[in-house]
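Here is a short briefing on helix packing and aromatic contacts. Keep the structure open as you read.

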Amino acid sequence: CARTKRKPSYTNNTKQFESDDYYKVLGLSKGASAKEIKKAYRKLALQYHPDKVKDEKDKESSEKIFVSISQAYAVLSDEKTKNIYDKYGKNGLDAHEKGIDPEQAGFGGGFSSGGGGFPRGGGGRSNFQFNGNFGGAGFDPRNVFTQFFGGSRDEGVDANFSGGFGGGRHQRQRQAVELFPKNDPSGIAPLGKAKFPDASSKFIWVVVFYNNESEKCSVIKPSLTSFANKMKGTLKVGAFNCKRSLPDTKFCKDHDIETQDLPIFGVVVNGELTKYENETTRQQPPSMKELHKFAIEKMPFDLVQMINHPSIIDERLHKAAIEQGKKGSILLLTDKYETSPKFASLVYQYRDHFVFGESRAKTLSMAQHFKVKKYPLLIAFLPKRGGKGFEVVRLEDVNQQEIGKWIDSLTSRNRSSSRTGRK
């Protein structure tokens, strides 16, 4: 027989909001689709939003209903928590939030409060204390509402409303404290849609996407600050507040950054964002060791040409620089066996100006050709006026020099020579 399309049922009977069944709270039946769950939440959240209530005597009951609606939506809108709730009920979900396997803990019977389910222990929804994002003392329905409506106004309702739920004034003051402000001593740069690194950026970026109101996001700052200090000179570290403004929220959504999963980390190379994904769970932020490994894996080592004999210098450096319209080429001679991340970062920073090569592991033929006395050694090849030959500039004691300033001086020298040649 033909399958009839199920329509969500809504009711003005406030008793539904006292139910332990999250589906009933939203006026839905079990098995409701994600679209139906969103539609139900949207309708009810706008109906019982505190800003919609004009009569003070109704505000308290409206706020309680709004919390119930938000708790239900927070659980059912997330596929993972919805599956746990459907299978093990609210106590099972609570166990999961505490890091306990609901099945091993003996929970079962689904969300229904009927027979065969989990033990109840004392009646009513007030007994259930969720420690994560879905209820309890740390639950804030405003976060759910703001994430859903993206910080905008909808039908006369402000997503950043300040009503009720345990003292709006204190909450607003807490929200005003930015985790990663401008010129923060941590060295972590605040980013937004307008300042997000694109293909023209000189640097490789590690970016954390966060919600300023999330406790889970706030606890990462100390370790991320340490990470930024250790990676100084190799990577830039930035922080993107997905809830700072509507354009920033939209930017995050456009890049598949789900606000309920924050914080989320990624690496940006050539304007392309690659998100970190833990192999076991996407919800868990990486350790700084894992983040370091992930960032190094994304370094553009392919920009460095391997030069293991003097005979290939002309082809891989000189001709390549001319064909690509570069100012010249730079060769690193080193006793290391692998390209260092710091050198790869430097190559990326000056990729528009020079072709870069590397001779590793004290290659004898290269050492003899360039009369190397000490490693590492940098050699720049700058085209002479008229295109006849190259000016060779050496940088000894590389570890004691600021290589960036040296390369900048080469750029200036090359520009000066070009102007002289055109006269």
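**Helix burial, helix packing and ring pairs**

In α12, the buried residues are F343, A344, S345, L346, V347, Y348 and Q349. The model is predicted.

**Packing of α2 and α5**

- Helix α2 covers residues 34-48 and helix α5 covers residues 141-149; their axes come within 12 Å and cross at roughly 120°.
- The two helices, α2 and α5, are therefore oblique to each other.
- Their crossing, α2 with α5, is left-handed.
- From α2, K38, Y41, R42, A45 and L46 meet V144, F145, F148 and F149 of α5.
- The residues of this α2 and α5 contact comprise 7 nonpolar, no polar and 2 charged.

**Aromatic pairs**

- The structure holds 14 aromatic pairs.
- One of them joins F17 and Y48 edge-to-face, at 5.1 Å centre to centre with 70° between the planes.
- F17 sits in the segment before α1 and Y48 in helix α2, so this pair ties together parts that are 31 residues apart in sequence.
- F17 counts as buried at 3% relative accessibility, and Y48 is buried with a relative accessible area of 10%.
- Y22 and Y85 have ring centres 4.9 Å apart and planes at 40°, so their pair is tilted.
- Y22 lies in helix α1 and Y85 in helix α4, so the pair ties together parts that are 63 residues apart in sequence.
- Y22 and Y85 are both buried.
- F196, F209, F240 and F251 are linked into a cluster by ring pairs.

Key:
Residues are numbered from 1 along each chain as its sequence is written. This is a predicted model: local features need pLDDT of at least 70, side-chain atom pairs count only at pLDDT 80 or more; totals for chains, interfaces and linings use all residues. Side-chain values use heavy atoms; hydrogens and water are left out. Buried means under 20% relative accessible area, exposed over 50%, partly exposed in between (1.4 Å probe, protein chains only). Helices (H or I, at least four residues) and strands (E, at least two) are DSSP runs, numbered from the N terminus. Axes are lines fitted to C-alpha atoms, for helices over the stretch in contact, and angles run from 0 to 180 degrees between N-to-C directions. Angles under 35 degrees count as roughly parallel, over 145 as roughly antiparallel, 65 to 115 as roughly perpendicular and the rest as oblique. A crossing is left-handed if the near helix is turned anticlockwise from the far one by less than a right angle, and right-handed if clockwise. Contact means heavy atoms within 4.5 Å. Ala, Val, Leu, Ile, Met, Phe, Trp, Tyr, Cys and Pro count as nonpolar, Asp, Glu, Lys and Arg as charged, and the others, Gly among them, as polar. Rings of Phe, Tyr and Trp (its six-membered ring) pair if their centres lie within 6.5 Å; planes under 30 degrees apart count as stacked, over 60 as edge-to-face and the rest as tilted.
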